[in-house]
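Hi,

Here's the structure I said I'd pass on. Have a look at it first, and then read on for what turned up.

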Amino acid sequence: MKLITYTAQGTQRLGTLQDSGQVIDLRSAVEALMARRGQADAVEQAAFMVPSDMAVLLERAKGDLALLSEASATAGSESAVEREGIVLQAPITRPGKVLGVGRNYGAHAGEGGLLAQAEPRIFAKVPSSVIGTGAPIPCPASVTKLDWEVELAVVIGRHMKEIPESQALEYIAGYTIVNDVSAREFQFDVKPPQTTFAKSMDGFTPMGPVLLTADELTDPSDVALRCWVNDTLMQEGNTSDMIFPVAYILSYLSRFMTLEPGDVIATGTPSGVGCFRDPPVYLTHGDQVRMEIPPIGVLANDIT
């Protein structure tokens, strides 16, 4: 199931994106399913189960998305939404936490002349930096080393604390794409480095286009990632090159903090970022960054 957050006529809603490209309004679909089951309070139940915020939905679902999946799969024309006028938002518009893992691909660590670390290198991106596919990435006037990073991102589905690696994947609601946009002069050129600031400016966390539920991506250890700047392929990698796999990252984080429904963990980027090219290549006004993870879709944003 491909869950989406969208706006239509200025109102934020949750939906699903079908393989045909049809958008289904999720609240309407759940209401129709409950009505078919003869539930007199179908309208009230659907409104509670399907709010307008994805993180709230995941909190209320408590890891069980079966009813939502059935509602989406059996939805009729009454729940279909005209695509014209719809604007896709980030699936999680304002996560409680956005955490990133640095240097987590062997080839990426190698291109920067960096050694693999004994444990994951964690940084934060502030939630206000999140934008959806199609939204512009603003480049501050003083930033001249704007860079891209395609990443597979995990969205947490249940409260997670001190969970062993063997159980960690059970706590995932789904996956999306994150562009870990970075102002490299703040990450590398100043002392001490300001990694979180470099990656948290307005618009520096494009996310989307959908939240692919975990039942449709059962093995995150063999997923292809690609990134184009304009028409040039810049990154092409696979999660099999991760130094710390997804399950280990989640288990490690849960030792120190509670992961909550709607939290987003960007799991690292493969080689091919701009700052480690010879000569370096950076984004500028008018560039388009397009990222693809085949099961999830395409995340595309222009630099303004």
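To start with something you can check by eye: is Gln 9 buried or exposed? Keep in mind that this is a predicted model. Gln 9 comes out as exposed, with a relative accessible area of 84%. You'll find Gln 9 in the loop that runs between strand 1 (2-8) and strand 2 (11-17). The backbone there deserves a glance too, as Gln 9 is not a glycine and still has a positive phi, near 55 degrees.

Lys 62 is another case of this kind. Its phi is positive, about 55 degrees, although Lys 62 is not a glycine. This residue comes just after helix 3, in the loop between helix 3 (54-61) and helix 4 (66-73). Lys 62 counts as exposed because its relative accessibility is 62%, and the cut-off for exposed is over 50%.

Now for the helices on either side of that loop. The buried residues of helix 3 are Met 54, Ala 55, Leu 57, Leu 58 and Ala 61. Looking down the axis of helix 3, these buried residues fall within an arc of 160 degrees, so they line one face of the helix.

In helix 4, the buried residues are Leu 68, Ala 71 and Ser 72. They sit on the same side of helix 4, because their arc around the axis is only 95 degrees. What do the buried residues of helix 4 pack against? Their partners are strand 2, helix 1 (26-36) and helix 3.

Helix 1 also packs with helix 2 (residues 42-49), at an angle of about 140 degrees and with the axes 8 Å apart. The crossing of helix 1 past helix 2 is right-handed. On the helix 1 side, the residues involved are Arg 27, Val 30, Glu 31, Met 34 and Ala 35, and they meet Ala 42, Val 43, Gln 45, Ala 46, Ala 47 and Met 49 of helix 2. By type, the residues of this contact divide into eight nonpolar, one polar and two charged.

Next, the strands. Thr 176 is in strand 11 (residues 172-179) and counts as buried because its relative accessibility is 0%, where buried means under 20%. What does the side chain of Thr 176 have a polar atom 2.8 Å from? That would be the backbone oxygen of Val 210. Beyond its neighbours within four places in sequence, Thr 176 is in contact with a list of residues that includes Pro 91, Glu 151, Leu 152, Met 207, Gly 208, Pro 209 and Ile 296.

Gly 208 and Pro 209 are joined by a cis peptide bond, with omega about 0 degrees, and Pro 209 lies in strand 13 (residues 205-213). A cis peptide bond also joins Asp 278 and Pro 279, again with omega about 0 degrees. Pro 279 is in the loop between strand 16 (264-266) and strand 17 (288-293).

Cheers

Conventions:
Residues numbered from 1 in each chain as written. Predicted model: local features only at pLDDT ≥ 70, side-chain atom pairs only at ≥ 80, totals over all residues. Heavy atoms only, no water. Helix = DSSP H or I, 4+ residues; strand = E, 2+ residues; numbered from the N terminus. Buried < 20%, exposed > 50% of the residue type's maximum accessible area, 1.4 Å probe, protein only. Arc of directions from axis to C-beta. Contact = heavy atoms within 4.5 Å. Polar contact = N/O pair within 3.5 Å; in protein donor to acceptor, adjacent residues only side chain to side chain. Axes fitted to C-alpha atoms, helices over the stretch in contact; angles between N-to-C directions. Left-handed = near helix turned anticlockwise from the far one by under 90°. Nonpolar A, V, L, I, M, F, W, Y, C, P; charged D, E, K, R; others polar.
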